[in-house]
Amino acid sequence: MKKICFVCMLLLLVACGKKEWPRPIASDEMVRIDHVEANMDQNCLLITAKMGGKLINLEYFMVEVEQDGCPTCPFTPSLVKRFYPFSSEVYQKENSFVFTICEPLAGKFLRIRLKADNTHRMIDPAISEIITIPMK
């Protein structure tokens, strides 16, 4: 009888642990931007991003463009476009995505940054380096 009471007490103590919803392991769920290239094709800006990580968690991209800003100043985008990864306006081949912006862009050069937002809110978006391309 004492053994049964001891086992019951042990089970009750084990069941009193902290309960919370499971959380994703951030390192397993991250999306990465491995490489970004941009160039002008006629009057359109083409941005190619090679991605890594768990692409199923990719919610959307933010393409930020600064037109004719100061190369050494903080990045201040004058144009921001949101693209959803599996929409018809985004070309995808394996882990590469191509975005096209055909809007009037002014200046001698453009500075471009790409953000990739994760479906898990606790994980910060992936942010590319700022790239600069000359205007023709």
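I took strands (E, at least two residues) and helices (H or I, at least four) as DSSP runs, numbered from the N terminus, and I counted two strands as paired if DSSP finds at least two bridges between them.

I noted that this is a predicted model, in which local features need pLDDT of at least 70, side-chain atom pairs count only at pLDDT 80 or more, and totals for chains, interfaces and linings use all residues. Residues are numbered from 1 along each chain as its sequence is written, and side-chain values use heavy atoms, with hydrogens and water left out.

Entry on the sheet. I looked up Lys50 and found Ser96 of E6 opposite this residue. Strand E2 (residues 44-53) pairs with strand E6 (residues 96-101) in the antiparallel sense, over six bridges. I then traced an open sheet of four strands, antiparallel in its pairing, in the order E1-E2-E6-E5. Strand E1 (31-41) and strand E5 (90-93) stand at the edges with a single partner strand each, so one side of each has no neighbour in the sheet.

Entry on Asn57. I located Asn57 in the loop between E2 and strand E3 (58-67). Asn57 has 7% relative accessibility and therefore counts as buried (under 20% relative accessible area; exposed is over 50%, partly exposed in between, with a 1.4 Å probe and protein chains only). I listed its contacts (heavy atoms within 4.5 Å): Asn57 touches Glu29, Val31, Asp117, Asn118, Thr119 and His120, not counting residues up to four places away in sequence.

Entry on Phe86. I found Phe86 in the loop between strand E4 (79-83) and E5. Phe86 is exposed, at 58% relative accessible area. Leaving out residues up to four places away in sequence, Phe86 touches Leu55 and Gln92.
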